[in-house]
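Please keep the sequence and the coordinates open while reading.

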Amino acid sequence: MLKRVLVGRPLASSEQEHQRIGKLVGLAVFSSDAISSTAYATEEILFVVALGTSSLALGLETLVPIALAVAALLAVVVTSYRQTIFAYPSGGGSYVVSRENLGRGPSLVAGASLLVDYVLTVAVSISAGVAAIVSIPSLRGLAERRVALGLVLIVLLTTANLRGVKESGRLFAAPTYLYVAVLAVLVAWGLIESFAGDLPRIPFDADEFEGARQAGGSLGLFLVLKGFSSGAVALTGVEAISNGVPAFRRPAARNAAATMALMGAILGSLFFGVSVLAHRLHPFPSHQETVFSQMGRAVFGEGPLYLVLQVATAAILTLAANTAYADFPRLCSIIARDSYLPRQLANRGDRLVFSNGIVFLAVAAGALLVAFGGLTNALIPLYAVGVFTSFTLSQWGMVRHHRRVREPGWRRGVAVNATGATATGLVLLIVASTKFTSGAWVPLVVVPAIIALFLAIARHYVSIDQALVIEPAQVRPEVLNHTVVVLVGRVHRGVVKALQYARSLRPNHLAALYVSEDDHDAAAIRDQWRRFRFDVPLEIVASPYRELTSAVEGFLDELDRRWDDDTVTVIIPEFVAGRLLSPTQLLHNQSAGALKLALLFRKNTVVTSVPFHVGRPGPQR
Amino acid sequence: MTAPHRPGLVLVLVGAADRRMLPALHLVPQLDGEARALHVAVDPEQAAALAAAWVQLGLAWLPLELAEPGGATVAAAVRNLVVREAAGRPRVTVLVPELDLRWRWQLLLHRGCGREIAWHLQGLRRVVTAVLPVPVDLAGVSPGSW
């Protein structure tokens with residue numbers, strides 16, 4: 001009942017087609033992660049190039065060329081992924097491209113990297129959203145409960161996503177478009193006023209500036225490259241659309257590719273616009289107030305538009321997690337179908353979403369949030385390594401794809417993807433070398449560990465498949481040595497029915513089993529058994545501490561020793577009164593349920609439930 | 001209540017043509033009534049492969065029924081079918097195979113479809129559900145290049 005209220009009515013498989021999303025909702029679902037990086041990518045660059053031996057002036061001089069390089073890289077990656085979408089319309093992005101063209105090893109590296117990134121995306125986005133919420137003066141008191149607040153947000157996002165991609169997309173589209181609109185106004189208005197000479201620079205505050213100097217200093221190549229790799233976080237989430245192509249309305253590939261182009265244009269222009277605006281307005285990197293907020297105040301003042309900007313920023317930072325919710329379960333399902341993850345992850349739930357994957361993501365991100373006390377900023381450097389690893393593998397895989405398939409225009413495809421592979425490969429090297437000590441080493445440990453897990457799971461499935469192979473000679477009916485035990489709680493019509501059923505099995509051995517608390521109890525049941533003249537021997541096992549399960553298991557062990565049986569069938573008369581989960585039902589079948597659960601794991605033991613209905617006969621529930 | 005006008009029915013649930021069927025196939029001859037194997041055809045290709053294997057394995061003595069899930073989950077589809085079949089029969093016995101793995105953690109890697117189906121069939125009138133463990137011995141199995 002609660003599930004239906006929260007998640008909605010079950011959807012039939014035939015409704016799958018209606019769950020597909022259009023370009024507008026698709027942009028909100030699959031691009032909120034990428035677009036949200038416009039809120040912090042410029043600041044991330046400044047935090048590297050304007051501090052240390054450098055200065056604010058020198059950092060701002062370098063900002064625009066770096067932003068231009070990042071935007072160019074984005075254009076290459078977007079173009080490459082558009083090709084991936086058309087070549088692999090069933091989705092899966094880097095994992096599938098690598099699997100089809102580079103082999104098992106690279107595909108597992110891509111898959112593990114992406115899964116780690118999606119978990120990090122949720123943890124970091126939620127953490128950033130909570131930080132924005134507790135920054136609101138009237139809500140500062142919640143700062144000490146940031147973990148609880150983060151977990152509440154995860155539960156809300158999880159519930160919305162369990163309702164379906166279409167519903168969560170509709171729900172979260174408004175904040176995404178609000179953010180894009182208000183940011184576009186900020187950039188356009190700010191640049192126009194700045195170039196018109198109506199907008200002064202932001203007054204420099206030496207107390208709040210995190211760096212050493214306002215001007216002068218020196219900036220080496222290493223710091224420039226490190227700044228570039230920091231700005232490259234703007235590209236995180238770009239691959240999301242290529243992973244989720246089947247979620248789009250038909251023609252899915254064309255709609256996904258158009259959405260990818262739209263996302264690239266929005267992300268590239270806004271990121272570059274914010275960087276140019278920063279170059280004009282001279283905000284300074286500070287932990288007191290974000291670069292974004294400084295520029296918002298400078299352009300909008302402290303009026304309603306500034307407030308809208310801040311609220312929309314908080315919303316998009318939180319909703320970046322939604323992209324991971326859309327992609328992680330889908331990727332898990334593809335990897336699970338290849339037997340590298342538990343097969344439950346390949347199942348769609350009754351709302352036609354991969355519910356197990358959604359819950360898995362929520363639990364993993366929630367655990368990270370708790371482990372880091374709700375402050376997951378330290379995890380940001382971990383992103384870039386995984387993202388650029390999967391980018392590089394995907395582009396390289398596409399080069400192989402074009403050379404193998406040789407479709408019309410394949411040479412152009414090779415050129416685009418080879419450029420993409422080289423560019424993202426270089427960025428990977430830069431990120432790994434410049435941010436190694438800041439956490440980029442972690443994926444080097446985590447990704448191989450996940451791959452080892454993938455392989456162990458696949459090995460298990462292969463072993464099971466081999467062990468289950470059947471030969472024609474094995475399927476011929478054969479006579480079993482069969483023992484049947486009917487469990488008796490007290491004598492009632494249900495027991496009579498169960499005994500009738502037991503006899504119909506024509507077993508080699510048949511017995512009724514009663515677990516007694518004491519001698520008086522045993523004598524009473526023995527007396528009843530005699531009065532009813534049951535022709536089935538009654539066995540009584542004493543259990544002074546009323547441990548039903550262990551007593552029954554002990555008796556079955558004794559039977560195993562007594563007779564060389566192929567199979568033991570335990571018949572449990574099941575009292576049915578009312579609905580399956582009604583209080584009456586639970587009251588009567590509590591011990592039977594626990595016993596059944598225990599026996600389901602016992603070797604060579606068939607557990608059979610014979611229902612006994614109490615009350616007037618009616619139609620089947 | 002009208003008297004049963006159809007014989008009892010034994011339904012053997014089958015997911016694939018593998019050893020999971022064995023305990024049920026060995027038990028069927030001991031049970032009274034008409035017997036039938038039932039596969040819920042979620043994946044039409046898998047269903048076709050099962051039908052072909054059924055013939056190859058010489059299982060013609062046990063008719064195989066392929067049931068369309070009709071948008072329902074496997075467990076719900078089985079329940080719907082069993083409810084229909086139970087009408088006018090003295091009893092329907094459903095044999096549900098379930099893997100019997102050595103380590104409990106290995107259950108995490110399997111869907112537990114059998115247990116889920118058994119749960120869905122609980123309490124249905126004239127329906128007896130038997131969960132049959134299928135022992136899997138991985139000791140002598142070599143997963144090859146894996």
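Predicted model: local features only at pLDDT ≥ 70, side-chain atom pairs only at ≥ 80, totals over all residues.

A residue is counted as buried if 20 or more other C-beta atoms lie within 10 Å of its own, as exposed if 12 or fewer do, and as partly exposed in between. A:His287 sits in the loop between helix H11 (252-281) and helix H12 (291-300) of chain A. Because 8 other C-beta atoms lie within 10 Å of A:His287, this residue is exposed. A:Trp529, which is 242 residues away from A:His287 in sequence, is 81 Å away from A:His287 in space, C-alpha to C-alpha.

The overall make-up of chain A comes next. Chain A has 22 helices and five strands, and buried residues make up 49% of its 621 residues. Of the contacts in chain A between residues at least 6 apart in sequence, 82% join residues at least 24 apart. The chain is divided into domain 1, covering 21-461, and domain 2, covering 479-613, and the C-alpha centres of these two domains of chain A lie 59 Å apart.

Helix H14 (residues 355-371) of chain A has 17 residues and reaches 24 Å from its first C-alpha to its last, close to the 24 Å expected at 1.5 Å a residue. The buried residues of H14(A) include A:Ile358, A:Phe360, A:Leu361, A:Leu368 and A:Leu369, and among them are also A:Gly357 and A:Gly366. Just after H14(A), A:Gly373 takes a positive phi of about 60°. In helix H20 (residues 519-532) of chain A, by contrast, the count of buried residues among the 14 residues is zero, and this helix is hardly covered. Just after H20(A), A:Arg533 has a positive phi of about 55°.

Along its principal axes the C-alpha trace of chain B spans about 60 × 35 × 35 Å. Buried residues make up 40% of the residues in chain B, and 77% of the contacts in chain B between residues at least 6 apart in sequence join residues at least 24 apart.

How do the strands of the two chains come together? An open sheet of 10 strands, with mixed pairing, has the order E3(A)-E2(A)-E1(A)-E4(A)-E5(A)-E5(B)-E4(B)-E1(B)-E2(B)-E3(B). Its edge strands are strand E3 (538-542) of chain A and strand E3 (64-67) of chain B, each of which pairs on one side only. From one strand to the next the twist averages 25°.

Within the part of the sheet that chain A supplies, strand E1 (residues 482-488) and strand E2 (residues 509-516) run parallel and are joined by six bridges; A:Val488 has A:Tyr514 in E2(A) as its bridge partner. In chain B, five bridges join E1(B) to strand E2 (residues 34-40), and these strands also run parallel, with B:Leu9 opposite B:Glu34 in E2(B). Strand E1 (residues 9-13) of chain B is largely enclosed by the rest of the structure, because five of its five residues are buried. In a regular strand the side chains alternate between the two faces of the sheet. In E1(B), B:Leu9, B:Leu11 and B:Leu13 point one way, while B:Val10 and B:Val12 point the other way.

The last topic is the meeting of the chains. Helix H19 (residues 493-504) of chain A lies across E1, E2, strand E4 (567-576) and strand E5 (605-613) of chain A together with strand E5 (127-135) of chain B, and runs at about 150° to E4(A). Altogether, 48 residues of chain A are in contact with 48 residues of chain B. On the side of chain A that touches chain B, helix H18 (442-467), H19, E4 and E5 of chain A each supply at least two residues, and the largest share, 10 residues, comes from H18(A).

Note on methods:
Residues numbered from 1 in each chain as written. Chains lettered and ligands numbered in written order. Pairing = 2+ DSSP bridges. Helix = DSSP H or I, 4+ residues; strand = E, 2+ residues; numbered from the N terminus. Axes fitted to C-alpha atoms, helices over the stretch in contact; angles between N-to-C directions. Contact = placed C-beta atoms within 7 Å. Domains from an automatic or database assignment. Expected span 1.5 Å × (residues − 1).
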